[in-house]
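Trainee: I would like to go through this model with you. Where should we begin?
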Amino acid sequence: MCSGGVIEFAIAAAQDFHVEARGVTKWFGGVQALAHVDLVIRRRTIHGLVGENGAGKSTLGKIIAGALRPDAGELWVNRRRATYHSPRDALADGITLIAQEPTLVPHRSVLENVFLGIEDARLGIVDTRTMRRRYRDLVAEVHLDLPADALTRTLRVADRQKVEILRAIARGAEMIIMDEPTSALTTDEAQRLFGIIRRLRERGTTIVFISHFLEDVLALVDTVTVLRDGRVVRTSPAAEETPERLVIGMIGRTVERAFPQKVFPPPDAPMVLSVRNLSRSGAFENVSFEIRAGEILGLAGLIGSGRTEVARAVFGADRRDTGEIRIDGTLVRIRSPRDALRAGIVMLPEDRKGQGLVLMRSIAENVTLPHLETVSHYGVVATGRERRGTLDLMASLDVRAKGPGAQINTLSGGNQQKVLFAKWLFRRPRVLIADEATRGVDVGTKRAINELLHRLAAEGMAVLLISSEHEEVLGLAHRILVLRGGRIVASFDGHTMSGDAVLHAAFATEAAERSGP
Amino acid sequence: MSTNRESTAVAPPIRGLTRRQRIAVVRDYGVVIAFLGLFATLSIASGVFMSKANLTNLAFQAAPIGIMAIGGTLVFIAGGFDLSVGAVSAFAGIIAAKAFIGTGLGLGLALTLGALTGLGFGIGNGLLVTVGRVNAFIATLATAIIIRGVAIAITGGFLVSVPDERFTILGLGVTGGINHPIFVWLGFALLCGFLLSRTTFGRYVYAVGGNPEAARLSGVRLGLIRAATFALSGLSGGIAGVILASEVQTAQADANPGIEFDAITAIVLGGTSILGGEGAVWRSVLGAFFLQMIGNGFNLLNVQVVYQQVFKGVILATAVALDAWGRQTRE
């Protein structure tokens with residue numbers, strides 16, 4: 001898209017609308033994932049969707065593909081109002097989504113996967129010969145060469161994607177939405193995929209390309225839409241954009257969210273947590289950092305950059321290949337969460353429902369689960385002490401519930417998150433790892449949690465903060481480390497940190513190389 | 001596209017709660033409602049039903065299945081499944097009988113040895129499922145086949161008869177008008193109920209079944225807890241086995257066929273979820289009694305036995321469907 005971009009865009013504008021979103025809005029619980037999104041995707045173009053983690057790109061893609069239903073707003077496809085109840089409905093209109101995780105049947109052949117559900121069959125008996133002929137035609141048409149009989153589980157990720165693409169075309173897809181298709185590909189493979197995508201456009205397919213890799217997006221797409229906090233910032237021809245401009249659009253002029261005034265720990269504050277050369281092949285490499293008493297260290301980076309993996313390894317939830325962990329200068333052996341708890345390290349996991357709480361049990365039971373030995377005599381739970389301790393924490397954290405006996409799944413997301421905090425503060429830890437501590441909660445609870453983290457640090461706790469909201473990391477952390485591809489690529493202290501610099505480092509744009517470590 | 005759109009928030013959709021609350025009530029207290037309903041119906045329809053003799057007899061007959069159901073409840077709550085208790089009960093009966101006849105052990109020790117054999121098998125199941133990582137369904141199916149096989153080997157396929165009348169004290173003895181198996185059932189229920197509701201072990205059992213990952217990240221030793229539930233289930237199979245052998249004064253390799261399914265039926269009827277994390281001992285006690293009451297009622301009302309089977313099957317399916325609906329609507 002170097003010289004002809006503007007002209008191409010003009011031509012594209014003359015072509016008809018393929019998909020149009022009008023005021024599309026989507027809520028997840030109390031969180032608004034999409035707010036009045038208006039978007040036009042033109043036929044025979046490659047349309048990029050970019051934005052920070054949680055900006056709503058994937059949600060929008062899923063709504064267009066019928067995997068999610070909008071709570072408000074309309075979807076127009078081929079100039080007709082479309083109300084999809086399932087991906088099947090969208091497919092009937094020629095729209096299909098290739099998700100981040102491949103959805104193939106691993107133990108069956110490429111041929112079977114491509115024609116799954118649309119087999120040539122007579123009286124239920126599969127007509128292999130016809131299917132093979134169709135497969136040959138299909139492969140010739142889109143210039144994708146794959147052995148028909150290979151088992152898909154033996155294929156590399158790039159080839160599995162090709163199977164998905166073939167499957168989409170075989171079903172007559174006129175629009176293919178690809179969600180982060182290159183995140184698991186090598187540079188070469190990604191380039192080849194771009195070639196395929198361009199050929200698909202030539203034969204008349206519309207492509208929606210969702211990606212974190214801004215350079216790739218600009219090199220490939222005709223039009224790009226920037227999303228931020230579930231809203232469309234702008235849609236413009238790719239030729240008019242640069243990675244830097246996109247990043248600025250993605251962060252925006254942030255609405256001032258009041259964060260408490262940072263209190264930096266004194267320079268002689270004792271070192272509480274020290275991590276040396278933490279590595280696990282394929283996940284992260286040589287990660288080293290320290291946190292002092294009273295310090296909040298932010299771990300920034302994109303999803304998949306290794307933030308959570310590092311945190312889980314420190315907590316003993318996942319194994320590590322190498323690395324030493326010290327608490328107060330003493331080497332500790334951490335091979336399970338149990339060891340970490342004993343050493344005074346706790347972790348609020350990123351997935352509250354999947355990893356944090358036992359939903360059908362009470363607040364009190366969840367709060368005391370890691371600390372039962374402190375509220376029991378000879379294995380019998382002292383329910384009075386448990387109840388009092390839980391009530392105290394519920395009061396100080398402002399958990400709104402009927403009482404300590406209330407079941408977790410009767411609480412709102414914000415209150416559940418506060419219970420999760422109560423669980424890890426029942427016995428004061430030395431180190432608190434908070435992974436996405438404000439995910440899926442309302443604005444009021446977000447602020448309360450931010451203030452809590454601030455207060456805990458001020459009281460001398462060492463805090464490791466992970467958040468997809470860069471604003472939050474910037475607003476709370478005393479120092480920030482940026483991870484990319486499992487390595488620490490930049491670090492910022494109180495004087496050098498800025499939203500642009502952190503994002504540029506995370507996205508690896510040119511500005512980052514200049515201001516890098 | 002403009003950036004500064006007026007932020008008119010569209011309210012999140014609110015779904016009605018009445019239907020799901022209704023289902024939740026039926027799911028949580030269905031067994032109580034059904035139990036009371038059937039109890040009232042039978043009391044009115046049959047003059048004999050409410051007699052002390054009939055009710056005691058009911059509890060006596062339900063006791064072995066009831067004991068197994070209690071052990072199985074712990075396994076279910078921790079997210080497991082145990083198909084081996086029937087085989088375990090046959091084996092435990094053989095051990096108790098042989099120990100009583102063939103060794104100098106007294107009656108008490110012989111019966112205890114039989115029950116402890118069940119505990120041993122339970123520990124084996126636990127290890128197979130946790131350390132061996134074999135799916136609980138398959139693991140306990142496999143051990144059931146093995147145990148029956150070994151039982152045939154050591155008995156040569158013959159009945160082990162105990163000529164000494166004293167052997168029947170546990171199964172057929174009566175104290176204060178109450179059959180001994182009822183005491184054992186009650187004692188085991190109180191013990192396991194206490195373990196589950198009041199101790200740290202009980203808390204861990206619920207957590208492990210309710211959300212294994214959350215439990216692990218809370219420092220709970222998943223394997224140990226799961227294995228312990230299998231051990232207790234094995235023990236319950238052992239206890240039920242010696243009671244049953246004592247009742248008939250004989251033991252054999254193919255004794256108590258299919259009894260594990262009756263125990264599972266009792267657990268599920270009681271309302272303990274097969275998906276783990278939820279349930280209680282009292283539920284399975286009620287479930288076992290309910291199951292026995294159906295049989296008893298059909299007999300008292302002179303309904304053909306074949307319909308009994310059909311009826312049991314239908315209410316079992318209903319109980320599980322209610323569980324599934326309750327979960328789905330709660331999402």
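Mentor: Start with a cut-off: two residues are in contact if their C-beta atoms, placed from the backbone, lie within 7 Å. Keep in mind that this is a predicted model.

Trainee: How many residues of chain A are in contact with chain B?
Mentor: Apply that cut-off across the two chains. Chain B brings 25 residues to the contact. On chain A, the number of residues is 37.

Trainee: Which helix gives the largest share of the side of chain B that touches chain A?
Mentor: Helix H8 (200–210) and helix H9 (212–217) of chain B each supply at least two residues of that side. By type, the side of chain B that touches chain A has 10 nonpolar, 8 polar and 7 charged residues. The largest share is 6 residues, and it comes from H8(B).

Trainee: What span should helix H5 of chain A have?
Mentor: H5(A) covers residues 128–142, which is 15 residues. Count 1.5 Å a residue.

Trainee: How many residues has the largest nonpolar core?
Mentor: Ile433(A), Val463(A), Leu465(A) and Val502(A) have the most contacts inside that core. Leaving out residues up to four places away in sequence, Ile433(A) touches Phe315(A), Met347(A) and Leu464(A), among others. The largest nonpolar core has 237 residues.

Trainee: What percentage of chain B is buried?
Mentor: Chain B has 13 helices and 4 strands. The chain counts 331 residues. The buried part is 50%.

How values were computed: Residues numbered from 1 in each chain as written. Chains lettered and ligands numbered in written order. Predicted model: local features only at pLDDT ≥ 70, side-chain atom pairs only at ≥ 80, totals over all residues. Nonpolar A, V, L, I, M, F, W, Y, C, P; charged D, E, K, R; others polar. Expected span 1.5 Å × (residues − 1). Core = buried A, V, L, I, M, F, W, Y, C linked by C-beta atoms within 7 Å. Buried ≥ 20, exposed ≤ 12 C-beta atoms within 10 Å, placed from the backbone.
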